[in-house]
Structure formats: structure tokens, C-alpha cells
Amino acid sequence: GGMINASKCFWQLIKPTQCPNTGKIIYSTAADCLGEVVLKLPDDEDIQDVIPRYEPSVANRTLGARLAPDGNVHAEIKSRYDKAKQWSVSLRKAQLSNADCWVAYRSCVCSAVSYPLLGQQCTVEDLSKTQGVMDQIACHALGLNEHFPRALLHGTVSLGGIGVPTLWADALADKLAYFMHHMRVCDDVGRQLTVSAAITQL
């Protein structure tokens with residue numbers, strides 16, 4: 001106990017460079033910046049493990065989320081789509097009633113698919129394929145044809161819609177809630193947000 005499991009470790013070097021002409025941020029690759037990380041056993045330094053290195057564009061699963069240092073969301077989007085498809089197949093095989101399927105959708109499927117999105121910068125287009133799968137699950141649970149108009153499915157109840165939120169809307173609401181929380185308690189994150197907002201206004 002207490003020893004680092006090298007097979008579960010990896011490292012990435014984050015060295016951004018801004019192009020003077022376009023302003024685009026480019027991250028140095030392993031070929032640009034050589035180096036390795038080696039773990040040695042304290043009792044026998046002849047036994048060592050080389051920790052694998054990944055490029056900044058590679059996202060690895062950490063605590064359920066797949067974060068890439070360069071900010072791309074490709075791995076997370078694929079993971080969310082696969083998760084939604086897995087739930088879709090499982091619910092079809094389960095042959096649940098519409099009521100039970102709706103409960104499963106709201107209590108299990110939505111949380112399982114959407115929880116990493118809070119820490120990602122995904123657009124509506126990024127989530128479109130995954131949203132399509134989620135819409136089919138929701139329509140089946142509500143006893144609707146899977147081609148039911150999405151404007152009505154996601155529209156607010158006050159305007160005649162059913163009020164089923166999209167993945168992007170749910171993630172945005174969670175981000176706003178956390179933003180307001182940190183601003184109100186004025187913790188370290190809240191102070192950093194205040195400084196960032198002040199600099200942006202300048």
C-alpha cells in the first residue's frame with residue numbers, strides 16, 4: 001500500500017506558443033520538447049518504470065472525464081455518444097413501461113451521459129449526434145414517435161412545448177449554478193472569476 005502504480009500513470013507537457021500572425025495557440029509536441037519521467041523503487045533503484053507520455057491533444061479518462069490539455073473535446077464527445085447508445089440498447093432490451101422508462105431516463109440516463117459536460121466546452125453541434133440518441137430515448141419513454149418535432153420536445157411548457165432539456169442546456173445551467181455559487185461565497189475560485197471579469201472589461 002501507498003506505492004504509485006506506474007501502469008495507471010501518464011504525463012503530458014503543456015508548453016503553449018502563440019503564433020504572432022494569427023494569434024493561434026500551438027502546443028509543443030514530444031518531438032519538439034524531449035523528455036521522460038522515470039519512477040524508481042526506493043529499495044532498489046535498479047528497478048524503474050518509465051511513465052508513458054501523451055501529446056497535449058490526447059484526452060485520458062480521469063475521474064470520469066476525458067480532458068485534453070489543448071482543450072479539444074473529441075474523446076469526450078465520442079465517449080458521451082457511446083454511453084448514450086449503450087443506454088438506448090439497454091432500455092430497449094429491458095422492455096420497460098413508458099413510465100418506468102421515463103424514470104430511468106431522468107434519473108439514470110441523463111446523469112450518466114451529461115455529468116462530465118460541466119467541465120467541458122462543448123457546443124450544440126458537438127453534442128448533436130449524442131442529443132439525437134437522447135431524443136429517441138425520451139420520445140420512446142413519453143410514448144411519442146421518434147420523429148416528433150424537436151422544437152416541441154425541447155420547447156418550454158409555457159410556449160406549448162414538453163420541456164425536455166437538451167444536454168447542452170443542462171450543462172449550461174450547471175455551469176451557471178457553479179459560477180453563481182463561487183461568486184456568492186467569494187472563495188478562491190470566486191476571486192479568480194472576479195479578477196478575470198475585471199480584466200475582460202478593461
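Helices are runs of at least four residues assigned by DSSP, and they are numbered from the N terminus. The model described in this report is a predicted one.

Helix H1 covers residues 74-94. The helix has 21 residues and reaches 30 Å from its first C-alpha to its last, which is close to the 30 Å expected at 1.5 Å a residue. Several of its residues are buried, namely Glu76, Ile77, Ser79, Arg80, Ala84, Ser88 and Leu91. The cover over these buried residues includes strand E6 (65-67), H2 and H3.

Side chains of opposite charge can pair when their charged atoms come close. In this structure there are 4 salt bridges.

| Salt bridge | N to O distance |
|---|---|
| Glu76 and Arg80 | 3.2 Å |
| Lys78 and Asp82 | 2.9 Å |
| Asp135 and Arg150 | 3.2 Å |

How far apart in helix H1 are Lys78 and Asp82? Both residues lie in this helix, 4 residues apart, which is about one turn of the helix. Glu76 and Arg80 are likewise 4 residues apart in H1, so about one helical turn separates them.

Are Glu76 and Arg80 buried or exposed? A residue counts as buried when its relative accessible area is under 20%. Glu76 has a relative accessible area of 0% and is therefore buried. Arg80, at 2% relative accessibility, is also buried.

## A salt bridge between two helices

The side chains of Asp135 and Arg150 also form a salt bridge, in which the closest N and O atoms are 3.2 Å apart. Which helices hold these two residues? Asp135 belongs to helix H3, while Arg150 belongs to helix H4 (residues 150-154), so the pair ties together parts that are 15 residues apart in sequence. Asp135 counts as buried, at 5% relative accessibility. Arg150 is partly exposed, because its relative accessible area is 29%.

## The cavity

Rolling a probe the size of a water molecule over the atoms shows where empty space is left. A search of the whole structure finds 1 cavity of 30 Å³ or more. The space in the largest cavity amounts to about 30 Å³.

Which residues line the largest cavity? The lining is made up of Tyr105, Arg106, Cys110, Gln131, Met134, Pro165, Thr166, Leu167 and Asp170. By class, the lining has 5 nonpolar, 2 polar and 2 charged residues.

Three helices each supply at least two residues of this lining: helix H2 (98-114), helix H3 (128-141) and helix H5 (167-185). The largest share, 3 residues, comes from H2.

## Lys175 and its contacts

Lys175 is located in helix H5. This residue is partly exposed, with a relative accessible area of 25%. What does Lys175 contact when its neighbours within four places in sequence are left aside? Its contacts are Leu117, Leu118, Gln120 and Gln121. Leu118 and Lys175 are 57 residues apart along the chain, yet their C-alpha atoms are separated by 6.1 Å.

Gln95 lies in the loop between H1 and H2. Its relative accessible area is 71%, so Gln95 is exposed.

Cys186 has a positive phi of about 55°, although this residue is not a glycine. Where does Cys186 lie? Its place is in the loop between H5 and helix H6 (188-201). At 42% relative accessibility, Cys186 counts as partly exposed.

Conventions: Residues are numbered from 1 along each chain as its sequence is written. This is a predicted model: local features need pLDDT of at least 70, side-chain atom pairs count only at pLDDT 80 or more; totals for chains, interfaces and linings use all residues. Side-chain values use heavy atoms; hydrogens and water are left out. On a 1 Å grid over the protein atoms alone, a cavity is a set of points where a 1.4 Å probe fits but cannot get out, and a pocket is an open set with protein on both sides within 12 Å along at least five of seven lines; lining residues have an atom within 4 Å of a point. Grid points are joined across faces, edges and corners, and a volume is the space filled by probe spheres set on the points. Ala, Val, Leu, Ile, Met, Phe, Trp, Tyr, Cys and Pro count as nonpolar, Asp, Glu, Lys and Arg as charged, and the others, Gly among them, as polar. Buried means under 20% relative accessible area, exposed over 50%, partly exposed in between (1.4 Å probe, protein chains only). Contact means heavy atoms within 4.5 Å. The expected span of a helix is 1.5 Å times one less than its number of residues.
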